[in-house]
Amino acid sequence: MTTTALPPRAGRRCHNALNPLHSTLYFSPDLDREFGALGFTDQSAMRLASRSAALGAVGAGTVAATFYNYSHELLARHLPAVWETASPAQVLDARLRTADATLRRLLGEETVASAEMAEAAELALRATEACTRHARPLYSAHADLPVPEEPHLAYWYAATLLREHRGDGHLAALLSAGLDPVEALVSHTATGKGMAPRWVLGSRGWRRADWEAAAERLRGRGLLDAEGELTGAGTALRDEIEEHTDRLDAAPYEHLGAAGVERLTELGRGFLVTAAVAGAFPADLVGKG
């Protein structure tokens, strides 16, 4: 295993370059088309099935635990009922077809077939060799899936593994910080780096009253001020959560080594910029308002 010391936050920067390309699926019309062909009519059901299918035909309780910040009420409306529409295996196949169509549309055929894409896939897969399964249910479930043969799909798959590996660790950090699901969402949005409230409420199933109650609890802890901005203590807590997550997620990037992480970050950012310019994400997705 490579032991070259990494620059501070190098793993986080690499994650931030790769993770959004995985997330393009959740905003993709290709997902609606592929899942519509399976018989899905509800967008929430499509997206919940897409991310949870690797776990098998699970119910709302399992997904509430592994997704952390979704309303159990929302989940129970769709799970386990979604598996009557399509099996997890059918959903996973549709998700991979969605990834293929979405990446080709956003990046273009030349980029999909490029040497840079093949290089990025190789680097990202190498990083996943050091991911660990224990206490990481979403990562571990996805790690049981076969690696796609085509480089752009292998890259997307590796990005998914790295995303879920970091995400599982992030939940441990949130628990350690004493933030419940809605408090985690409110405080993340308050950093200016999280999803805007309307996107959070629409996708996670919480009500405005839930949001306001969580904000009030954060104010009671001195983490949020009267205007809804993070206090100094709130900023310090969010910083510590990210640093805790970094520590739990260090192994894949230490394994890849400083030069490999730098190159993968460079390649990932290039793909991400191309996808964003092509309209991969809603313009109002991120923000405090």
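**A tour of the surface, fold and cores**

Start with the surface: the accessible area of the protein is about 12600 Å², with 55% of it on carbon and sulfur atoms (Shrake-Rupley method, 1.4 Å probe). This is a predicted model, where local features need pLDDT of at least 70, side-chain atom pairs count only at pLDDT 80 or more, and totals for chains, interfaces and linings use all residues. Residues are numbered from 1 along each chain as its sequence is written, and side-chain values use heavy atoms, leaving out hydrogens and water.

Switch to cartoon. The protein shows 17 helices and zero strands (DSSP runs: H or I of at least four residues for helices, E of at least two for strands). The C-alpha trace spans about 55 × 50 × 35 Å along its principal axes.

Colour by burial next. Buried residues make up 51% of the 289 residues (buried means under 20% relative accessible area, 1.4 Å probe, protein chains only).

Now select Leu18, Phe35, Phe40, Val91, Tyr155, Leu264 and Phe271. Within the largest nonpolar core, of 60 residues, they touch the most other members (a core is a set of buried Ala, Val, Leu, Ile, Met, Phe, Trp, Tyr and Cys residues joined through side-chain atoms within 4.5 Å). Show helix 11, residues 151-177. Helix 11 gives the most to this core, nine residues.

Zoom in on Phe35. Leaving aside residues up to four places away in sequence, Phe35 touches Phe40, Met46, Ala49, Ser50, Val91, Ala94, Arg95 and Thr98 (contact: heavy atoms within 4.5 Å).

Last stop: select Ala184, Val200, Ala215 and Leu223. They are among the 24 residues of a second, separate core.

Conventions: Buried means under 20% relative accessible area, exposed over 50%, partly exposed in between (1.4 Å probe, protein chains only).
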